[in-house]
Amino acid sequence: MRGKLIVFEGVEGCGKTTQLKRSQQWFIDSGWQSVLQAKGYVSQLVTTREPGGTEVGVKVRQLLLEQSTTEAIQSRAELLLYAADRAQHVDGYLIPQLHQGAMILCDRYTDSTIAYQGYGRGIDLSLIAQLNDIATGGLASDLTLWLDLDAEIGLARTRQRGTLDRIEQADVSFHHRVQQGFTALAQRYPQRITRIDAALPEAEVAAQIQTVLDQKFAEWYGVERMKDKG
Ligand code: T5A
């Protein structure tokens, strides 16, 4: 049994974390969990994130997101720190979980590096592709849900929540380039990346994601869920 890797991506404040939690609960409430476990297709559903999905990653995340008053993190160093977090996460967590048959919901993965460090910081995209390969050992997501939201609306949401981290504090043009990066990626990889309209109210965003997941589970496992649930 090999599990599945489902990734949530998008600009700051697009609602990834909110929707990841909702999807986790829906997996149980909709009856998918019991059906897929009973048939032996999925061992368990787990959630994780990048950066910070491992013990080492939590420390790397702190380095990356805390605003230092004395020293700026250089763009190449930033790129390598995200790659280090990912290598630890892939080998130490994602691959062992997939071997056990887990369905993994992951908050951000390789597309974030392309969008933020590539489109945002302007680092060469082929260098990032090579580094993503090294960090993942070739592990790609089975499905990426791109929560598409105007960068400024996302930033306004995060501002309302409280203090901004180091990356959120970057200027608006940086966040616009990141959004362009996600748009380009979705056009380039339509098989892997599904666009979700994240400007809608939370429940409507959740409903779109559930429709996509219903279709994907039917495609992957050849089973339909009982539609009276969830
Ligand atoms: N990064 C990451 C890189 O630069 N390169 C990389 O390779 C990787 C992996 C990670 C940071 O690192 C960068 C990207 C990031 O800057 P993070 O914790 O993933 O940090 O950062 P964020 O994306 O900023 O995560 P957030 O938790 O801040 O945002 P989310 O998860 O997108 O949004 P969420 O769900 O927390 O919601 C934000 C607010 O909006 C509200 C929520 O209640 C919350 O207050 N909200 C809505 N409001 C209205 N309508 C809706 N539909 C809403 N959905 C949620």
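**Ligand site and overall fold**

A polar side-chain atom of Arg-161 lies 2.6 Å from an oxygen atom of the ligand. Such a polar contact is a pair of N or O atoms within 3.5 Å. The model is predicted: local features need pLDDT of at least 70, side-chain atom pairs count only at pLDDT 80 or more, and totals for chains, interfaces and linings use all residues. Residues are numbered from 1 along each chain as its sequence is written, and side-chain values use heavy atoms, without hydrogens and water.

- Arg-61 places a polar side-chain atom 2.7 Å from an oxygen atom of the ligand.
- For Glu-168, a side-chain N or O atom is 2.9 Å from a ligand oxygen.

**Shell around the ligand**
- The shell holds 26 residues (a heavy atom within 4 Å of the ligand).
- Glu-12, Thr-17, Thr-18, Arg-108 and Arg-161 come nearest.
- Eight shell residues are nonpolar, eight polar and ten charged.
- α5 gives the most to the shell, with four residues.

**Overall fold**
- The chain has nine helices and five strands (DSSP runs: H or I of at least four residues for helices, E of at least two for strands).
- From the N terminus, the order is β-α-α-β-α-α-β-α-α-β-α-α-β-α.
- The radius of gyration, taken over C-alpha atoms, is 18 Å; this agrees with a compact globule of 230 residues, which would have a value near 17 Å. The globule rule is 2.2 Å times the number of residues to the power 0.38.
- Along the principal axes, the C-alpha atoms fill a box of roughly 55 × 35 × 30 Å.

Technical notes. Polar contact = N/O pair within 3.5 Å; in protein donor to acceptor, adjacent residues only side chain to side chain. Nonpolar A, V, L, I, M, F, W, Y, C, P; charged D, E, K, R; others polar.
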